[in-house]
Every structure is written in structure tokens, then in C-alpha cells.
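Hi,

Here is the structure I promised to pass on to you. Have a look at it first, then read my notes below.

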Amino acid sequence: MPTPTRPRPTGEPTRVDGVRLESLHVIQDVRGAGRVLDDVSFEAPAARLTVIAGSSGAGKTVLLETLAGLRPATAGSVRHDGAEPLPPGPEFGFVPQEDVVHRELPLRQTLVHAGRLRLPSGTPVEAVAARVDDVLAALGLTDRAATRVGALSGGERKRACVAAELLTRPRVLFLDEPTSGLDPVSGAALLATLRELAGNGTTVVLTTHVLADLPRCDQVVFLAPGGRLAYAGPPDALRAAFGAQTVEEVYAAVAGGAVAPPARSGAGSEAGSAAGSAQRAVPECPEAVAPGPGAVRQWLLLTRRTAALLVRNRLSVAVLAGSPVMIVAMFAVLFRPGAFDAASPDPGTTTMIMFWIAFGAFFFGLTYGLLQICTELPVLRREFLAGLRIGPYVAAKLTTVLPVLAVADALLLAVLRALDRLPAAGWSTYGSLFVTSVLASAAALALGLLTSAAVTEPGQATLMLPLLCFPQVLFSGAFVPVPRMALGGRVISWAMTNRWAFEALGGAVRLPALWRDGGSPMGPPLLASYGDSFGHPAVRGWVVLVGFAAVFLGGTWAVLVRKCRSYGGR
Ligand SMILES: Nc1ncnc2c1ncn2[C@@H]1O[C@H](COP(=O)(O)OP(=O)(O)OP(=O)(O)O)[C@@H](O)[C@H]1O
């Protein structure tokens, strides 16, 4: 493992004007967990490093999110510079427990993407690059700039998350357990970096389980089980406040219900002064901060980033390239050539070829979509706080992945024609087959995105694959023609995109005429079974597929807005 490098100074660091934070008699009731914070009052002074400690489940994360203004308090209040917390903007930094930078790209490129999304609209590319270089140097990451984020050590990756936050020079930075899982040297280096940030004016608040973090901060806030404040004050007075020899003894005393006397802990007095100042304070007018990029620019930036991530992700590339190759290979060995020969067709095979083209297009779309969102939800939620809009985000997924799907669909049709598994027909027939395939893929991609947005982890998305595929096969109308289905089956088949794609494809290659006039004894009975399944204009199927895609994309948008707005359990 590379030795953690100490941050290097980069000329004269720009001082920022840190935010003074106050927690005033905060009570936080969480559904399912009861009272998590119980009358917590303290002040986190501007330009200081405050550490929130306490045993597991004491409410440290909830307190951090409440102090950050991400969770409204059930009772009591939180003040930033004596006023209501403003919605998060460029002056606000927040690093949750999960990593909030993509792992696929080199560190510098990752930060340039983050900078272009977060820095004010119109910031020149060179200025973004210069800012990224400054931040990399300030965090001692310059020599790791070309390394893929996923290949960084845990401590370096945590600093990479902090780097993304520093791009906008935040006045306040919240971090949830940034030193957890780091070796003592990496943890100490990160703490030193955060101290330096506080020295430059940023108010830094972090939660921790690491005892060594406590003496390195300016103030300790100690939570007792049940979310009561046990201590708030300087770290060097912590042990004395509990009559303890070691910090471990403090943990044990607090677990047993000990609370430091208010006068010594400073909690009461500071809370008092905080409350007083809250009444006195004239809410400061927030500095005018230039807005970030608008919706169209966000869409362009996200499209570029999604494309870069797509080609860098080995699993995506394997799925992108592997699925069409696998399906074409299976077609070639499964079906004999010439099934569409007008003089002696093979009606059963023509049905199956149409079905598997429809299902292939569906499968490409679904598999491409399923891992798109769930693998980066923590990044999206953090960027949402920084001003990213969900509409451009979902649109960027579509505009990046759909062209790849279109190429896969076109290749599938071209190879099948070249292998004589599709009829010799004109451009209008193949144009219709192509449009139907692309729309089937688009609807499936949208279904994949919706599923990816709705699940809580990638493993669940993978489990959803068979669940989503089975009904599309069974109720497509290929194996049991729709007119032969029971009433319930017919109703369900309406909701299957594969049914509409299958019928439009069958109509495009004129299956009814081939079966009726082709001279195969199998033709007329099949025609009787399928009824008028293929008798509608392809446009009908296209409209239905576009409708499904729109509904699924709308659902994806709604789910993501709900998930992003509920940051901090709201
Ligand atoms: N969204 C939520 N829904 C239900 N319970 C919650 C939610 N958020 C927090 N809690 C509960 O609130 C309590 C405090 O949680 P919190 O994550 O703040 O603890 P913590 O001190 O940070 O713990 P740890 O150190 O283990 O991370 C826990 O009992 C937790 O289960």
C-alpha cells in the first residue's frame, strides 16, 4: 500500500469565512427508532474542527445530518450563522459514509467531471482544471491524479471524496466517519488535512469511532446512548470531566449513564450563549454565489461522463459487447436458414425468429439499464444536494445508452439477414424491423432504469432480471397466441412490451401472408391461432412502446427525486 503523503501547500491557500453552527435543544424522533436525539444543545464554532463521538447507535449520524440541515429537527432548531440553514449549495460540503466519487475513471478526470457539474456556469475548462490541480495538491493527491479511483487506497479514496467537496471552497464541511476503516497513519493524515482546512477558515464537523481522532480536534461532542449530550468541550478536558484515566473509561462511563456537569463540559454554557445569540443574531445575507450549470448543460456534461464511465467499466463493456454476440451465435446454431423462403416457408421457425428478435432487443435494453443507477446512487444523492437535477440525469442515461443499443439491434438484424435467418426484403421492411427493435430496447432500457432506481443495491437489481424477463416471455403471445390465452393472460399481455414488439415485427415481415400463401400445411392453422395479432400497422406497436418508455422514465424520475429528497431520512 502506498504511504499516505502529507498535503503539500499550494501557494497561498484562500481563506474562507467559516459557518458557526448551533444545535439548540434538538430533539429528533425517527419512525421505527423512537427518540434518537434528546435535547442536544452545543455550538460548533466557525473555523474549528468538531468531532462527534459516542457508542454505536448513539445518534452521531442523525446529529450530523440534523446539524447539516439535511434532517429537520422534530423539536428545537439548528442555526447556521444564527439563521435557518440554507438549502445546500456550493458553500456546503458533505461526505457521507459511502464513497461519493465514481471508481472507474482516473482521479483527476473524476474531479474535473465533478468540478464542471458543481462550479458556476461559465467557468472556463482551464479554470476547472486549475482548481482540480490545486485541490489535489492541497490533499497530497497530485501523484495519484492519473490513478483510477477504484485503485486508490481507502484513505486516498476518502481524501478523493473530500477533494470533490473542496472544489467549491465550502465554508462548512460535514463528514460521516471519514476515518473508519483507515489504518492509523492514513487516519492521522486525513485528520491533519481536515485540521488544516479548519485552519483556513472552513468549519469542519465529523463523526468518529476512532479514539485517536479525539485529541486531534478542537472540540468533542460526546453522545450518550439515547441521544443525550454527555459532553461538549475541548478534548483535553474530556477525561477529567468524567474522572477517567483513559478515553475508553469515558466511553464506559457514558454507557453507564454518566454525563459531564454542564459548566465543565461547556455544553450548557455554550448552548446558553448559542440560544442567546440565536435570538440576537440578525440572519446574515448569504453571499451571492453564481449558479451552477443549467439543465441542458448538465445533460451534456452527464452524457459525456456516463459515456466515459460506460467504456471504463469492464462489466458494462462485457455486457454491452457480449449480449449481442451471444444472441446472434445462438440464433445461428438454433435456426436453419431459409425459414422465410416464400415457396416453402417454415412457419413455426418464422414465429420463433420474430419472438427472439423482440426478446433480444428487450434483453439488451434491460441488462444495459439494470446496473446504471443502483451502482452510483450515493454519488447521485450527493450531487443532487450540489444542484444536479434528476431530469437531465435520466435523459443522459437514455442518450448515452440508446445509441449503443441501436448499434446492437442493427448488427443483430444485419447478421441474421446475412445468415439467411431473415427474409430478402426491401429497406422499408428492414427500416420497420429496426425501428421496432430500437423502441423495444428503449422501453426495456427505461424499465431497467426504473428497476435500478427502485432497488437498494446492485445485487437486488441482478435478482430482478429473471423476474422481469419471465413474464415478457410467457405473455408475449409467441408461445401461447394472445387469442388463445385465458382472460387474465390477455390482460397481462397488454402490459408486456415484448408483446407489442413481437406483433410489430411479425407485421413488418408480413407473417400472415407468408403463412396463408406460402404453401406450408403449418401456415393456415398458425394463422387461425394467432388471429389478427400481426394485422395492425407497425405504428401502433411503436406508439405503445414509446408510451411504455415514457411511463418507465417518468417513474424513474419520480423514484429518484423521492430518494434524493429523502437524504437524511426526511
Ligand atoms: N432512517 C432511519 N430509519 C429508522 N431508524 C433510523 C434511521 N436513521 C437512524 N435510525 C436509528 O437511529 C439510531 C441512531 O442512528 P445513527 O446512525 O445516528 O447512529 P450512530 O451513532 O451514527 O451509529 P454508528 O456509529 O453505528 O454509525 C439507530 O438506532 C438507528 O437505527
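Which residue takes a positive phi in the hairpin of β8 and β9? It's Gly 226, with a phi near 90°, and the hairpin has three residues between its strands. Residues are numbered from 1 along each chain as its sequence is written. This is a predicted model, so local features need pLDDT of at least 70 and side-chain atom pairs count only at pLDDT 80 or more, while totals for chains, interfaces and linings use all residues. Helices (H or I, at least four residues) and strands (E, at least two) are DSSP runs, numbered from the N terminus.

Strand β8 (residues 219-224) pairs with β9 in the antiparallel sense over five bridges; strands count as paired if DSSP finds at least two bridges between them. Val 221 has Ala 232 of β9 as its bridge partner, and Leu 223 has Leu 229.

Now zoom out to the sheet. Six strands make an open sheet with mixed pairing, in the order β5-β6-β7-β3-β8-β9. β5 (92-95) and β9 are at the edges with a single partner strand each, so one side of each has no neighbour in the sheet. From one strand to the next, the twist averages 15°. Helix α1 (residues 60-67) packs on the sheet, touching β3 (49-54), β6 (172-175), β7 (203-207) and β8, and its direction makes about 155° with that of β7. Helix α5 (residues 184-199) packs on the sheet too, touching β3, β6 and β7, at about 150° to β7. (Touching, or contact, means C-beta atoms, placed from the backbone, within 7 Å; angles run from 0 to 180 degrees between N-to-C directions, with axes fitted to C-alpha atoms, for helices over the stretch in contact.)

One more pair to find: the axes of α15 (residues 427-454) and α18 (residues 497-508) come within 9 Å and cross at roughly 175°. The two helices are therefore roughly antiparallel (an angle over 145 degrees). Residues making the contact include Leu 433 and Ala 440 of α15, and Ala 501 and Leu 505 of α18.

Finally, an automatic or database assignment gives domain 1 (21-91 + 170-256) and domain 2 (295-568). Their C-alpha centres lie 49 Å apart.

Cheers

Terms used: Parallel < 35°, antiparallel > 145°, perpendicular 65-115°, else oblique. Contact = placed C-beta atoms within 7 Å.
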